[in-house]
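Open the model in your viewer and keep the sequence panel beside it. Each stop below tells you what to select and what is there.

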Amino acid sequence: MIDSVLKLLVTGLSLWEHKDARKYLDKTIKLRKQWYEEYNKDTPDNATLDNIELELRLISEAFSSQVGVAYTRD
């Protein structure tokens with residue numbers, strides 16, 4: 001499930017024409033890498049995974065709210 005969400009977020013951010021798009025995209029890619037590294041450990045730390053997922057959620061909410069604002073202006 002997380003894989004699909006991450007792919008959608010990366011795709012959306014890469015298509016987004018906004019001054020902060022690259023910053024959000026870079027951060028998302030970094031968090032995705034951290035998530036997979038932690039998840040693939042023999043004993044992953046659930047707190048670390050939860051924190052990464054929270055950061056990704058905040059990015060996705062910021063992205064979706066900005067896209068929604070831009071969409072309603074057009």
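Helices (H or I, at least four residues) and strands (E, at least two) are DSSP runs, numbered from the N terminus. This is a predicted model, in which local features need pLDDT of at least 70 and side-chain atom pairs count only at pLDDT 80 or more, while totals for chains, interfaces and linings use all residues. Residues are numbered from 1 along each chain as its sequence is written, and side-chain values use heavy atoms, with hydrogens and water left out.

**Stop 1: confidence**

Colour the chain by pLDDT, the predictor's confidence in each residue, from 0 to 100. The protein chain has a mean of 84, and 91% of its residues reach 70 or more. Among its elements, helix 2 has the highest mean pLDDT (91) and helix 1 the lowest (81). Where pLDDT is low, the predicted coordinates should not be read in detail.

**Stop 2: helix 2**

Select Arg 22 and Asp 26. Both lie in helix 2 (residues 21-39), four residues apart, about one turn of the helix. They form a salt bridge (a side-chain nitrogen of Lys or Arg within 4 Å of a carboxyl oxygen of Asp or Glu). Now show the surface. Buried means under 20% relative accessible area, exposed over 50%, and partly exposed in between (1.4 Å probe, protein chains only). Arg 22 is exposed at 52%; Asp 26 is partly exposed at 39%.

**Stop 3: Glu 38 and Lys 41**

Select this pair next. Glu 38 and Lys 41 form a salt bridge, with the closest N and O atoms 3.0 Å apart. Is Glu 38 buried or exposed? Glu 38 is buried, at 9% relative accessible area. Lys 41 is partly exposed, at 44%.

**Stop 4: helix 3**

Move to Arg 57 and Glu 61. Both sit in helix 3 (residues 46-73), four residues apart. Arg 57 is exposed at 51%, and Glu 61 is partly exposed at 39%. How many salt bridges does a search of the whole structure find? It finds five.

**Stop 5: the core**

A nonpolar core is a set of buried Ala, Val, Leu, Ile, Met, Phe, Trp, Tyr and Cys residues joined through side-chain atoms within 4.5 Å. The largest one has 15 residues; Leu 9, Leu 13, Trp 16, Leu 56 and Ile 59 have the most contacts inside it. Helix 1 (2-15), helix 2 and helix 3 each give two or more residues to this core.

Finish on Leu 13. Contact means heavy atoms within 4.5 Å. Not counting residues up to four places away in sequence, Leu 13 touches Ala 21, Tyr 24, Leu 25, Thr 28, Ile 59 and Phe 63.
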